[in-house]
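The following note is intended for a colleague who is meeting this structure for the first time. Its points may be read alongside the sequence and the model.

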Amino acid sequence: MFSAAGYAVLTRILADACDPRLARAVPRDLPVLIVSGERDPVGSMGEGPRKCAAQLKRAGSARVDEIMYPGMRHEILNEPQHGLVFEDVRAWIDARCAELAGQGTESKAEAGSGAKADPGWGRETEGKRHG
């Protein structure tokens, strides 16, 4: 149970998290992966994570990928299909590491433009949905 002070702190944190200045402070070349359950009421049923990704892109982030999991709620790592989340996150990290090592499948021009035809793991990630 939260106290009144706890709610005040939570409100302040949420306001800071939505501040466009925070999105502009993210290094433009830092890859970002946003994962969420589409039925997450905390994320407004997927709307919140999509807005977050859009805000980062507007702020100039070159690599923002998102994966939305249909039927999953807030605690995607406690869902029956949580293994899929782990697989996707590991594949995404492996692909980003390969890119850093110069072994990625994207050209430097594609990486700089935010192109995501092949993010390095054979599946489209932007707006990706599992069904």
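1. Helices (H or I, at least four residues) and strands (E, at least two) are DSSP runs, numbered from the N terminus. Glutamate 38 lies in the loop between strand S1 (32-37) and helix H3 (47-58). Its relative accessible area is 19%, so glutamate 38 is buried; the term buried stands for under 20% relative accessible area, exposed for over 50%, and partly exposed for what is in between (1.4 Å probe, protein chains only). The side chain of glutamate 38 makes a polar contact of 3.4 Å with that of arginine 50. A polar contact is a pair of N or O atoms within 3.5 Å; within protein, one must be able to donate a hydrogen and the other to accept it, and residues adjacent in sequence count only if both atoms are side-chain atoms.

2. This is a predicted model, in which local features need pLDDT of at least 70 and side-chain atom pairs count only at pLDDT 80 or more, while totals for chains, interfaces and linings use all residues. Residues are numbered from 1 along each chain as its sequence is written, and side-chain values use heavy atoms, with hydrogens and water left out.

3. Confidence deserves attention. The average pLDDT (the predictor's confidence in each residue, from 0 to 100) is 81 for the chain, and 77% of the residues score at least 70. Over residues 107-127, pLDDT stays under 50.

4. As to the overall fold, the chain has five helices and three strands, in the order α-α-β-α-β-α-α-β from the N terminus. Of its 131 residues, 30% are buried.

5. The structure contains eight salt bridges, each defined as a side-chain nitrogen of Lys or Arg within 4 Å of a carboxyl oxygen of Asp or Glu. One of them joins aspartate 19 to arginine 21 at 2.5 Å, N to O. Aspartate 19 is buried at 18% relative accessibility, whereas arginine 21 is exposed at 57%.

6. In helix H3, glutamate 47 and lysine 51 are four residues apart and therefore separated by about one helical turn. Their side chains form a salt bridge of 2.9 Å, N to O. Glutamate 47 is partly exposed, with 40% relative accessibility, and lysine 51 is exposed, with 53%.

7. Arginine 63 and aspartate 65 are both buried, and a salt bridge links them, with the closest N and O atoms 2.9 Å apart. Arg63 and Asp65 also belong to a network of salt bridges with Arg96 and Glu99.

Definitions and conventions. Contact means heavy atoms within 4.5 Å.
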